[in-house]
Amino acid sequence: MTTHEEHAHPQLGFVRKYIFSTDHKIIGVQYIITAMSMAVVGGILSMLMRLQLGWPSAPSPTLEGIFPTGFAGGIMAPEFYLSLVTMHGTIMVFFLFTAVLTGGFGNFLIPLQIGARDMAFPFLNALSYWTFLLSCITILGALFVEGGAPLGGWTAYAPLSALPEMGPGQGDGMTLWIVAIALFTASGLMGGLNYVTTLLTMRTKGMSMMRLPLTQWALFITAILGTLAFPVLLAAGILLTFDRIGGTSFFVPAGLYTASGVAVEHSGGHPLLWQHLFWFFGHPEVYIVLLPAMGIASDILSTFARKPIFSYRMMVYSMSAIAFLSFIVWGHHMFLSGMNPILGSLFTVTTLLIAIPSAVKTFNWIGTLWGARIQFTVPMLFAVGFVSTFISGGLSGVFLGTSASDIALHDTYFVVGHFHLVMAVAPLFAAFAGIYFWFPKMFGRMMNMTVGKVHFWISFIGVNCVFFPMHAMGVVGHLRRIYDPTQYLFLEPVYGMNQFISIAAFILGGAQILFIGNFFASIWLGPKAGKNPWNATTLEWTVPSPPGHGNFGPELPVVERWAFDYGLPGAKEDFVMQTEAPSRVESGSG
Amino acid sequence: MANGVGTGKVTVPGVVLGGLLAIFVVISTWLFITDRYWFTELSSEHGASLDGVFIAVLIVTGIAFVATQGLLAYFVTRYGANGDEKASYWHDNPKAEMILIGGTALTLTILVFYGQLVWYDIYFTDPPEDSMVVEVTGQQFQWVFRYPGIDGEFGERNISLVSPTNFIGLDRNGAGADDIVALGQMHAVLNQPVTVLLRSTDVIHNFHVPHLRVKQDAVPGLTIENHFVATIAGEYEIACAELCGANHYRMKAALTIDETEAEFDQWMEEQLPFQ
Amino acid sequence: MPTITQEVTTVPIPDRPDVLDGFGPPARPPVDAGGGDEGRSPGQGPAFPVSKGRLALWLVLTVVAMLFAGFSSAYIVLRAVPAWENVALPGSLWANTFVLLGSSVTMEWTRRRMAQGNTASAKKWMAATTALGMAFLGGQILAWNQLVNAGIYLTSTLHSSFLYILTGVHALHLVGGIGALTAITVQIFKNRYSASRHEPVTLCATYWHFMDGLWVYLFLLLALA
């Protein structure tokens with residue numbers, strides 16, 4: 001059998017093995033490292049934003065040297081600030097979170113955790129990564145074209161996004177933005193196709209759907225969400241492109257003119273149509289980011305609580321319910337858009353409906369910790385951090401989902417605080433947890449846990465200092481996407497808070513250098529990891545770290561139980577591998 | 001081998017994490033129960049009910065926040081690993097879950113009803129017959145206010161008449177002859193209903209008067225109606241709350257609530273020479 | 001390994017729910033330890049009843065369906081704006097529709113002949129399908145030509161914009177389909193398929209029928225404006 005394996009997978013050269021690889025593990029790692037690089041860019045952009053918000057228009061000759069146009073005269077230009085806003089949002093939502101959670105963990109974990117040798121369509125998988133890389137290059141290109149990156153925010157509301165004459169960056173920058181998003185969509189769809197097919201057809205013996213680790217359920221549901229949501233964004237992007245370069249008028253009504261009085265040659269369209277199409281995609285996208293984070297956090301919580309996840313079934317059902325409901329809540333982004341207020345009422349109902357499965361998940365995570373024997377490893381710390389930030393951000397969502405209280409809070413820092421906690425920090429923490437957890441499986445070495453702990457403590461305090469006070473700023477009325485808040489007198493009470501947040505953000509940003517350094521140093525210098533350094537139960541921990549090509553030995557593993565047998569009474573250890581046959585447990589109990 | 005018999009241990013990282021969570025809960029609660037960071041002073045009739053919804057949601061989510069973060073803090077403090085002691089092996093409790101789901105659903109239902117009653121009041125109530133109508137046009141990056149003048153009727157707007165002095169292309173023939181147009185300045189009278197007709201000539205803007213709890217998009221191609229009654233005289237800031245381009249941050253205007261009709265009329269007269 | 005499901009009852013249960021201090025959920029006997037399983041015995045593989053290829057095709061078709069659902073909802077929303085103005089559909093679209101329906105019929109015959117192992121007949125019908133598919137595409141170009149001659153351009157009205165874009169995006173999908181048809185025609189003529197092994201033919205048939213149905217839907221949507 002072994003010789004057969006070797007025959008089937010001949011030794012590949014470095015390029016075929018690590019660069020143009022079709023091995024799902026390599027592709028997963030490629031996704032993670034690419035997404036991390038994008039996160040560095042997105043993070044630096046946010047630091048520049050914080051600089052401007054904390055000390056509006058402070059002269060900076062140094063930055064003028066780096067960004068001659070953005071800081072012309074030593075002071076940040078308003079359009080440069082807005083292009084930072086757009087690029088930060090776009091990069092983080094798509095190129096970090098969607099990429100790292102579905103692309104990274106999805107590719108790396110799906111075959112390993114379900115007992116498959118690779119994805120269903122390995123070549124398509126590689127193509128998905130290379131398309132993603134191309135889209136990364138394209139979106140970064142937007143920073144360097146004439147006029148700079150688009151300034152309309154990641155939501156690209158029409159007609160601002162449809163009319164190049166409405167601002168710098170809305171020309172070539174915006175075009176590149178659309179191309180990048182279209183490429184990203186294509187990449188995501190190829191990935192999703194692979195994930196669903198692999199998860200349904202390639203599970204090993206005994207791996208019934210209800211024995212899947214929750215990460216797998218989350219990735220499965222996410223892939224379906226992506227399959228249903230991404231094409232709608234693509235359709236909207238195609239229509240927008242025609243508006244921009246084909247002269248059509250889907251999103252542009254008649255009778256518009258520019259600030260200099262030049263009439264716009266369009267007629268008949270409807271600006272709200274873009275918002276409907278965008279958010280029909282955009283809200284599921286929130287859960288495309290969040291669901292894998294939930295799955296990863298659930299599995300890691302259970303592992304280090306040394307206790308089964310509380311109510312596995314409800315976890316699966318609530319994820320499915322969230323996924324379904326995510327398609328009928330998009331209007332809560334549009335309460336004040338001029339949409340029919342009856343729809344506002346309907347969307348309030350559906351939105352608060354989605355709070356129920358989210359609450360179920362929270363109860364279940366807390367229930368998992370009840371009576372646990374918690375090992376405070378770095379992945380566990382981040383998983384608990386995930387739960388805490390998810391609660392904070394989730395609850396502040398209730399204010400925004402209620403149409404009446406949204407009036408005061410819409411487009412303020414309350415919204416910024418809310419979505420950062422719930423769909424940026426929470427997924428980020430889950431991703432950190434996942435990387436610390438599966439790093440040994442990826443590279444065969446452990447990350448440095450002391451540095452990891454420092455990284456966690458600074459990050460956890462940091463995010464709460466940065467994002468929680470934003471809610472209070474939003475209550476005062478601090479508008480989002482504002483280049484200079486000191487323009488408004490009613491914001492005077494929060495000028496100081498802006499500086500506090502900026503300082504906290506710099507510390508938080510700086511702490512991420514620890515992580516990146518730790519990550520790359522540990523690839524070569526970390527202590528060697530065994531098969532199962534965490535005493536976890538799932539299939540990837542039955543094989544060497546890192547697993548060889550084809551993942552499993554000559555025989556695929558046979559699954560005998562669910563993934564959460566931690567602390568099983570009668571068992572010898574406090575964990576029972578999924579492959580462990582029941583008889584073995586019994587003998588252990590003797 | 002202890003089969004889960006035991007109590008777990010209070011560990012150092014557990015205490016630190018639980019303590020941090022506790023501190024975080026205390027500071028967060030403080031942030032929201034002191035009035036240090038609160039809404040701008042309320043100056044409109046409908047605003048009170050909106051603030052009321054906020055407070056109701058704040059109480060409900062506040063309780064949930066303290067309870068869940070508190071439990072999280074307690075469990076991480078209380079249930080640290082203790083040697084090779086096992087955790088308790090249970091993973092289902094349908095009854096407890098049903099109670100929690102039911103409780104959540106019930107609370108949310110009440111919130112929805114309360115919130116929607118207020119929403120309904122604001123969006124499904126027509127402005128009073130005698131309310132003053134002001135057309136508000138957002139354009140990069142200024143607010144243009146138009147009053148119908150003595151005839152009470154707005155004149156036609158024509159894109160071909162747009163010029164550096166005629167921002168909205170007002171046709172001065174016909175009903176537009178007596179229209180009063182003011183750039184960046186709006187006046188209204190204390191305790192008198194005002195209806196604003198929101199329009200835009202380029203991209204989406206948002207007419208936002210924080211003190212009056214007014215916030216509504218101005219969408220090109222649509223005319224969106226919004227109405228309010230100011231209850232405190234004074235000068236208020238009007239902001240654009242929807243990203244509209246490079247100088248979005250300084251697309252602002254001033255709203256003056258005049259104490260008496262006479263003051264308002266005087267302002268109107270002052271505007272005439274500019275027309 | 002047939003006796004697996006017995007395992008759980010033999011696991012000892014702790015005397016007392018340990019950690020709850022008499023409070024909270026009771027430690028239920030782990031009746032479904034190793035649980036979460038839906039009673040499938042581990043000896044059975046989770047054989048999924050649909051092949052990878054077919055599943056992947058269904059997912060692709062879901063994507064296409066959602067893409068056009070996006071376009072359709074835009075169409076329906078904009079249909080209601082006052083500026084909407086209908087244009088006359090080119091008459092050749094009717095002929096094209098029949099050509100495409102015909103190609104669907106020949107594709108189905110190909111599939112059935114193939115399933116019966118009648119390769120000789122399948123070859124003919126496959127070639128006919130490819131030809132009809134190309135004829136449809138040619139017909140669509142003709143229809144665009146008719147539109148241009150009638151002075152109806154992409155930007156003329158919202159209806160004409162949709163007319164061009166929907167037919168165009170649909171045609172792009174057909175270009176892909178014809179690529180597949182051509183490849184399969186070549187394979188059939190090389191006798192690569194048999195009654196037991198011809199999945200590409202059935203998958204291609206599904207794709208083609210879907211595109212056919214999609215066209216009928218789009219045509220109705222545009223015609224009933």
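**Close-up views of a two-chain predicted model**

**View 1. Ala156(A) sits in the loop between helices H6 and H7 of chain A.** Helices here are DSSP runs of H or I with at least four residues, strands are E runs of at least two, and both are numbered from the N terminus. Phi of Ala156(A) is near 50°, a positive value in a residue that is not glycine. Is this alanine buried or exposed? Ala156(A) is buried, with 23 other C-beta atoms within 10 Å. A residue counts as buried if 20 or more other C-beta atoms, placed from the backbone, lie within 10 Å of its own, as exposed if 12 or fewer do, and as partly exposed in between.

Before you move on, please note that this is a predicted model: local features need pLDDT of at least 70, side-chain atom pairs count only at pLDDT 80 or more, and totals for chains, interfaces and linings use all residues. Residues are numbered from 1 along each chain as its sequence is written, while chains are lettered from A and ligands numbered from 1 in the order in which they are written.

**View 2. A cis peptide bond joins Ala158(A) and Pro159(A).** Its omega is about 5°. Pro159(A) belongs to the loop between helix H6 (122-141) and helix H7 (172-201) of chain A.

**View 3. Ser545(A) and Pro546(A) are also linked by a cis peptide bond.** Here omega is about -10°. You will find Pro546(A) in the loop between helix H16 (495-525) and helix H17 (582-589) of chain A.

**View 4. Arg481(A) has a positive phi of about 55°, although it is not a glycine.** This arginine lies in the loop between helix H15 (449-476) and H16 of chain A. With 21 C-beta neighbours inside 10 Å, Arg481(A) is buried.

**View 5. The largest nonpolar core has 338 residues.** Such a core is a set of buried Ala, Val, Leu, Ile, Met, Phe, Trp, Tyr and Cys residues joined through C-beta atoms within 7 Å. Those with the most contacts inside it are Ala293(A), Ala297(A), Phe386(A), Ala426(A) and Ala433(A). Helix H14 (residues 413-443) of chain A gives the most to this core, with 23 residues. Leaving aside neighbours within four places in sequence, Ala426(A) is in contact (C-beta atoms, placed from the backbone, within 7 Å) with residues including Leu290(A), Phe390(A) and Gly393(A).

**View 6. Chain B meets chain A through 88 of its residues, with 98 residues from chain A.** The elements of chain B that give two or more residues to this side include helix H1 (12-33), helix H2 (47-78) and strand S9 (234-240).

Methods. Two residues are in contact if their C-beta atoms, placed from the backbone, lie within 7 Å.
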